[in-house]
Amino acid sequence: MGLDDTLVYHADILIFGIILIFTVASLPRAYARFSRRSEWSQGHLLRSIAHLPSTKPRMNLNVTSPYPHDSENPSFMDFDRGDSSTVCAPLPSLHRSNVVDEKSLPKVPNRDPTLLSIWHPVASVLRSRVHNGYSVNQVLLMLVYISIIFYVSFYKSDPFTDPVRAGFVITSQIPFVYALATKNNIIGMMVGVGYEKLNFLHRLVGKLMVIGANVHFLGYVYKWSLAGDINEKLADDSIRWGIVALVCLDLLGFCSTEYVRSKSYNLFIASHVVSFTIFLFAVCYHEPACIPYVVAACVFYILDLVVRTIKTRITTAKLRPLPELGITRVEVPSINAGWRAGQHVRLRVLSSSMGWWGWSEVHPFTIANVAETSEGMVLMCKKTGRWTDSLFNMAQTASYGETGKEVGRDVRVMVEGPYGGVGHTVMSSYSGAMFVVGGSGVSFALSAVPDLIRASTDVKIIDIVWAVQDPSSLTPLLPLFVNLVQNGSSVRVNVHVFYTRAINTTFDGMYLPQGITLLPGRPKLERLLDGAITNTMSAGGSNGVFVGVCGPVSLAHTVAHVVKDSDVRLCSAVGGVKLHEETFGW
């Protein structure tokens, strides 16, 4: 075994060793999660459970007024512009309903032992955003990876006189770039995170491969030009196959830029499928030594396709428009179990009404309700582009059902998942929870909060902070929020809705039940987080506060900054603060 083979072999072993370190670090959280028997059947496969109790109240789908009114009750509206924090009264002693019998469950740690929630000063630094939204821990991980690749590329090697080294290095990264690209990510399963959380590493490895492939080719061009036999070398079939592989990688590099992804996502997907397939064949013909690495990549990819097929369901869904939110509500009654709060599915609508190519597109959406209810799985798809606009227009089409003419229509869909979520984190092990959501990101809270309420949980305080453009967005979701606030358990739920668009509507006669507030302006997250921590401690909680954010990338960055700058003494007193992010853009 030569120096090139030895270095590449040791580099792969080192990378795999780092993965094992993160795997071992996640074992306490994995134990805390899977010690609960219900976790073995949740978050893996979508399924249907018969004879479930009816779920009420449902979302208000037939709105006659843009704002809720109650003429028999006094008006209640909180317009406190100066202080967004809320102090809860002492919790009454209420009995829980529909709870799991804890005696049937094994003993588990009282606290999800997450180091980042306990060691707050270090966690604050690691959560800091430094460049393009990357956190410090992501940057450190990328720097370690780049250092490994650069070391094996340049140790006792000159790319102009020894261009073969770069070829060995990029070949060794083929299995990693494929493994990181799969939806059923084996690396993510080992470390306990979803594939979307590791996407930044997939992009990094891909960029390093593109750079390495060009260095490899240009080094040989330089070498052949000095020797005067470049034409003879370029006529060799193995070299031509190498050029084909290089073109595929360069095409992938170009089509993977943020500009192309945002302007033409279909081009991005098509270029990946075609180029990566051709690339695998081309490198095998270029250099037979690449075959073992290509076989490993094919194993990862084929296993992913098999698992994705197993996790796919073709069924009928009901589309309903929510004009106040600019959202299409997708109801899938035939699927009512198998997911955890915060997970998402990939949706494909099998209808020609979606356009020439719309039926072939797959889009991820966070599941917007708790599992094991009679209404089935619910998705909330916000209008953000051509595909979601077509979906909304389909939902507005009138159809005839059992009650006569109604808005909405049935359509065949392909649902794949569930994916992502909070990983090994057990939200119910915390004493408090705060969900900061923007727009359609409220789906995260609508699935997580009912799950925390109905389960036997340590959570005492739950705050939902929802930022929208127009206050009328509250109308269709008000019955759901009222049900959460008046949940009949010992969990205290508060809902704070903030609207940012200036309006001329008066709120005279508007009634909101206690626990739900409607406020103008942007939420003062610092005060809201301090209030959530203080209320949790006042209720006797000391197992930490879970903070979940779902919405645009900018909202996630803001919440991360707020958590980082939160009072260290408060965070330590409550038992730590755990931040989980679900963003619209990966």
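The buried residues of α4 are V136, M142, Y145, I148, I149, V152 and S153, where buried denotes under 20% relative accessible area, exposed over 50%, and partly exposed the range in between, with a 1.4 Å probe and protein chains only. Helices (H or I, at least four residues) and strands (E, at least two) are DSSP runs, numbered from the N terminus. This is a predicted model, in which local features need pLDDT of at least 70 and side-chain atom pairs count only at pLDDT 80 or more, while totals for chains, interfaces and linings use all residues. Residues are numbered from 1 along each chain as its sequence is written, and side-chain values use heavy atoms, with hydrogens and water left out.

With 19 residues, α4 reaches 26 Å from its first C-alpha to its last, close to the 27 Å expected at 1.5 Å a residue; the expected span is 1.5 Å times one less than the number of residues.

After α4 comes K156, whose phi is positive, near 50°. This residue is not a glycine, and K156 belongs to the loop between α4 (136-154) and α5 (164-172). K156 is exposed, at a relative accessible area of 66%.

A positive phi also occurs at E372, again a residue other than glycine, with a value near 65°. E372 is placed in the loop between β6 (363-366) and β7 (377-382). Its relative accessibility of 28% makes E372 partly exposed.

Another backbone feature concerns a peptide bond. G417 and P418 are joined in the cis form, with omega about 5°, and P418 lies within strand β10, residues 409-420.
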